[in-house]
Amino acid sequence: MFKCQSNILKASKLIISLDGGHLKHPLWGCFQILVCCRKNSNDQDAILGMAIVPTKSDEQYSFLLDAMMEDKE
């Protein structure tokens with residue numbers, strides 16, 4: 001997680017976006033990337049966290065959000 005995550009959360013709008021996509025590269029061919037972001041006060045995207053996972057599923061999104069919550073504490 002990013003060191004500035006708590007500052008980003010304080011200065012951000014209340015909507016969090018989650019998205020995932022395929023990594024199309026010979027080294028990362030079977031993996032997905034999951035990204036969690038928010039809009040900051042200047043209406044720009046601020047990435048809160050990301051994970052490289054084997055599949056895009058509810059369990060993997062839960063893993064990403066749980067890891068972010070652990071890092072916040």
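This is a predicted model: local features need pLDDT of at least 70, side-chain atom pairs count only at pLDDT 80 or more; totals for chains, interfaces and linings use all residues.
## Strands 2 and 3

Strand 2 spans residues 32-40 and strand 3 spans residues 45-53. The two pair in the antiparallel sense, over 8 bridges. R38 has A46 of strand 3 as its bridge partner.

The hairpin of these strands has 4 residues between them. There, D43 takes a positive phi near 65°.

The whole structure holds 0 disulfides. A disulfide is a covalent bond between the sulfur atoms of two cysteines. For C36, the closest cysteine sulfur is that of C37, 6.7 Å away, so the two are too far apart for a bond. The cut-off for a disulfide is a sulfur pair within 2.5 Å. C37 is likewise in no disulfide, and its nearest cysteine sulfur is that of C36.

Both residues count as buried, a class that means under 20% relative accessible area. C36 has a relative accessible area of 0%. The value for C37 is 17%.

I16 belongs to strand 1, residues 12-22. I16 is partly exposed, at 45% relative accessible area.

## E59 in helix 2

Helix 2 covers residues 58-72 and includes E59. E59 counts as exposed because its relative accessibility is 59%, and the cut-off for exposed is over 50%. The E59 side chain also makes a polar contact with the side chain of S57, at 3.3 Å.

Methods: Residues are numbered from 1 along each chain as its sequence is written. Side-chain values use heavy atoms; hydrogens and water are left out. Buried means under 20% relative accessible area, exposed over 50%, partly exposed in between (1.4 Å probe, protein chains only). A polar contact is a pair of N or O atoms within 3.5 Å; within protein, one must be able to donate a hydrogen and the other to accept it, and residues adjacent in sequence count only if both atoms are side-chain atoms. Two strands pair if DSSP finds at least two bridges between them.
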